[in-house]
Amino acid sequence: MSPFTQAEAVPWTELGDGIRRKVLAHTPDLMSVLVQFDKGAVGTPHAHDVHTQIAYVVAGSFEATIGGQTQVLRVGDCFLARPHTMHGVVALEAGSALLDQFSPRRDDYL
């Protein structure tokens, strides 16, 4: 993998229900993924067995629920979801986007 990523060269993967993602870069230990949401799109609550996730809001805003706690997150805010911690989001604006970081890499995304 090149040390550089030109975002426009990476295609979006449509996930359905107003959510799309593109894997920007990865190593076995770390992965960076841009996820874009239509207004009202729901990142269904779930937990990871192995992965730690940090999600940084790069556009728009989200109602995020992490481990039973809910907050509105705006550009520049982030959340941390450790393994086995339930987490999910609802996009509050069109074009809302998260930059997700996973450790280790999500092989199921490749």
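**Strand pairing and pockets**

A: Strand 5 (residues 52–59) and strand 10 run antiparallel to each other and are joined over seven bridges; strands here are DSSP runs of E with at least two residues, helices are runs of H or I with at least four residues, and both are numbered from the N terminus. Two strands are said to pair if DSSP finds at least two bridges between them. This is a predicted model, in which local features need pLDDT of at least 70 and side-chain atom pairs count only at pLDDT 80 or more, while totals for chains, interfaces and linings use all residues. Residues are numbered from 1 along each chain as its sequence is written, and side-chain values use heavy atoms, with hydrogens and water left out.

Q: Okay, and what is the bridge partner of Gln 53 in strand 10?
A: Gln 53 has Phe 102 as its bridge partner there.

Q: What about strand 3, is it buried or exposed?
A: Strand 3 is largely enclosed by the rest of the structure, because six of its eight residues are buried, where buried means under 20% relative accessible area, exposed means over 50%, and partly exposed is in between, using a 1.4 Å probe and protein chains only.

Q: Which strands pair with strand 3?
A: Strand 2 runs antiparallel to strand 3 and is joined to it by eight bridges, with Val 35 in strand 3 as the bridge partner of Arg 21. Strand 2 and strand 3 also form a hairpin that has two residues between them. Strand 10 pairs with strand 3 as well, in the antiparallel sense over seven bridges, and in that pairing Asp 100 of strand 10 is the bridge partner of Val 33.

Q: Staying with strand 10, is Ser 96 buried or exposed?
A: Ser 96, which has its place in strand 10, counts as buried because its relative accessibility is 0%. A polar atom of the Ser 96 side chain lies 2.8 Å from the backbone oxygen of Glu 93. Leaving out residues up to four places away in sequence, Ser 96 touches Val 35, Gln 36, Phe 37, Ala 59, Gly 60, Ser 61, Phe 62 and Ala 91, with contact meaning heavy atoms within 4.5 Å.

Q: Switching topic, how much space lies in the largest pocket?
A: The largest pocket holds about 360 Å³ of space. On a 1 Å grid over the protein atoms alone, a pocket is an open set of points with protein on both sides within 12 Å along at least five of seven lines, unlike a cavity, where a 1.4 Å probe fits but cannot get out, and lining residues have an atom within 4 Å of a point. Grid points are joined across faces, edges and corners, and the volume is the space filled by probe spheres set on the points.

Q: Which residues are closest to its centre?
A: Of the 21 residues that line the largest pocket, Phe 37, Gly 43, His 46, Asp 100 and Tyr 109 are the closest to the centre. Strand 4 gives the largest share of that lining, with four residues.

Q: And what classes of residue does that lining have?
A: The lining of the largest pocket has eleven nonpolar, seven polar and three charged residues, where Ala, Val, Leu, Ile, Met, Phe, Trp, Tyr, Cys and Pro count as nonpolar, Asp, Glu, Lys and Arg as charged, and the others, Gly among them, as polar.

Q: What volume does the second largest pocket have?
A: The second largest pocket has a volume of about 170 Å³, and strand 7 (69–74) supplies the largest share of its lining, four residues. By class, that lining divides into five nonpolar, four polar and no charged residues.

Q: Last topic, which peptide bond is cis?
A: The peptide bond from Ser 103 to Pro 104 is cis, with omega near -5°, and Pro 104 lies in the segment after strand 10.

Q: What is the phi of Asp 17?
A: Asp 17 has a positive phi of about 55° although it is not a glycine, and it is found in the loop between strand 1 and strand 2. Most residues other than glycine have a negative phi.

Note on methods
Polar contact = N/O pair within 3.5 Å; in protein donor to acceptor, adjacent residues only side chain to side chain.
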